[in-house]
Each structure stands twice: as structure tokens, then as C-alpha cells.
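Trainee: I am new to this structure. Could you show me how to read its features, one at a time?

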Amino acid sequence: MPNIVLFSGSSHQDLSQRVAERLGLELGKVVTKKFSNQETSVEIGESVRGEDVYIIQSGCGEINDNLMELLIMINACKIASSSRVTAVIPCFPYARQDKKDKVGEVLYFKNMFVSFLQLRVTSIADRLNVEFALIHKERKKANEVDRMVLVGDVKDRIAILVDDMADTCGTVCHAADKLVSAGATKVYAILTHGIFSGPAISRINNAAFEAVVVTNTIPQDEKMKNCPKIQVIDISMILAEAIRRTHNGESVSYLFSHVPL
């Protein structure tokens, strides 16, 4: 692909390498290091003048450091006269900051997100030609669910939980128990982002799940060693196709209904 340069930040170099291979590219040369006062330093090791630059940096690990690293890399490429810089962020950091209920505007955005997630679940159910149920949750504080209500019949059925992310996994494991108590024969979870912090791994190991399927927007190798229930779907083909389409001026929304293999 001419006039395109792909860089990787420090957060998820394995995913960046997979994307590069699918695009038939070599990752651009970049050196990141820390000054003695812990400020981040970035050195771009090749010319990006007039190039279409893409920087892959996921919101995981040392999130604040990685976010600052991304901003510095963007600035370095702009200063070096790149024609365009696009940040590719598989797991977007701070995305949960708008889920608090105390401000009317914030509640509006939360309701929009919940409605979108419900729409996604119904779309999956339609494609599989199966029925769907909803689990409504109410939090009294972060990472702690106050109340959970199941709407729908799961008795003598295999239940598949779909959610955007799992952090400490208290909610998703509570939901699994709720489904089993309601008569589900097996429970699986499909999650976009497996953050798995704190007691998450022990909770999954002790929960009723047959399997917990996540994407590799976040590195999962170490988590999989400690939890055989975790399975990972590679999304590098989707990111690579999104980059290719953006570079060529083609529709990216096409990918919403046509997933590349």
C-alpha cells in the first residue's frame, strides 16, 4: 500500500504486528523511552513526510502513560509533516466515565448506550434465529451491582451473555448465577473487551461459565494461562480492513454488516 505508514504504541504490539501482516506492511520504526523524571519521550525512526500515518494504541496496561504516549506520537508525526495521522484505538480508554447517573445529561448518554447494546443483542438474536432475554442491572457504585433483574425465559436453554466489557467480572458472574438459577442449562459469555482486573480471573474460574469469549483488543496471554475458560477472537482483520478503507477513501460503515475473514 503506497504512502501509508503504520506505527505501534507500547500497549499491544502483538495486535499491531498482526494488523501490519494483514496489510502487507512493516511496522514503522519508533523508539519510546522515559526521561529521568518519568516523562515520555518518542522518537520516530523514519520519514513520514507526506505519508498517511496510522498509530495503533489500545487503552490497556498503564492507561495514562499509553494515552500520553499516543498523543506525543501524533504530535511527532504532525511536526514531521505527515499528510494525515489517524489513531487506531481498539479499546477506547475512559469510555465508562459517562455512565454515572447523577447528572441529567450523563444519564441521557448512558440510556443511549444501553439502548444501543440492547439493539446489538437483538440483532445477534435475529441473525441466529433465536430468542433473547435482557438482564437489567443497577449499580450503587463502580464495580458493584445493587440489583439485577432477568426479563425473559431461559429455562432449559443455553444462555449466551453479550456485553461490551468485563472488568472485575462481578456483574457478569452475578448474571451467570442469575441465568443458572432461572433454569439455563449452560452459560457462555461473549465480551468485546476483557479487562479482567482485580479478582476477575478467580471469579470466572469459580463461575458457572462454560467459556468466556473476548476479543484481543487487550492482551490476554497471561490471563488465559490462569483461566482455561477464556477464549480469544482475533480482530486484526477488522482493524486492517478499516485502515485500508480509510486510506482508500472507502466506506468504513460497510464493516458493520460485512465482517472480513
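Mentor: We will go through cysteines, then salt bridges, then one threonine.

Mentor: This is a predicted model, in which local features need pLDDT of at least 70, side-chain atom pairs count only at pLDDT 80 or more, and totals for chains, interfaces and linings use all residues. Residues are numbered from 1 along each chain as its sequence is written, and side-chain values use heavy atoms, with hydrogens and water left out.

Trainee: How many disulfides are there?

Mentor: A disulfide is a covalent bond between the sulfur atoms of two cysteines. Here the rule is a pair of cysteine sulfur atoms within 2.5 Å, and the count is 0 disulfides. For Cys91, the nearest cysteine sulfur belongs to Cys60, 6.8 Å away. The sulfur of Cys227 has its closest cysteine sulfur in Cys169, at 8.5 Å, which is too far for a bond.

Trainee: Is Cys227 buried or exposed?

Mentor: Buried means under 20% relative accessible area, exposed over 50%, and partly exposed in between (1.4 Å probe, protein chains only). Cys227 is buried at 0%, and Cys91 is buried at 4%.

Trainee: How many salt bridges does the structure hold?

Mentor: Side chains of opposite charge can pair when their charged atoms come close. A salt bridge needs a side-chain nitrogen of Lys or Arg within 4 Å of a carboxyl oxygen of Asp or Glu. The structure holds 12 salt bridges. One of them joins Arg18 and Asp234 (3.3 Å, N to O). Arg18 sits in helix α1, while Asp234 is in the loop between β11 and α7, 216 residues apart. Helices (H or I, at least four residues) and strands (E, at least two) are DSSP runs, numbered from the N terminus.

Trainee: Which parts does the pair Lys34 and Asp65 tie together?

Mentor: Their side chains meet at 3.3 Å, N to O. Lys34 lies in strand β2 and Asp65 in helix α2, so the bridge ties together parts 31 residues apart in sequence. Lys34 is partly exposed at 39%, and Asp65 is partly exposed at 34%.

Trainee: Where is Thr215 found?

Mentor: Thr215 belongs to strand β10 (residues 209-215) and is buried, with a relative accessible area of 13%. A polar atom of the Thr215 side chain lies 2.5 Å from the backbone oxygen of Thr192. Contact means heavy atoms within 4.5 Å. Leaving aside neighbours within four places in sequence, the contacts of Thr215 include Leu191, Val232 and Ile235.

Key: Polar contact = N/O pair within 3.5 Å; in protein donor to acceptor, adjacent residues only side chain to side chain.
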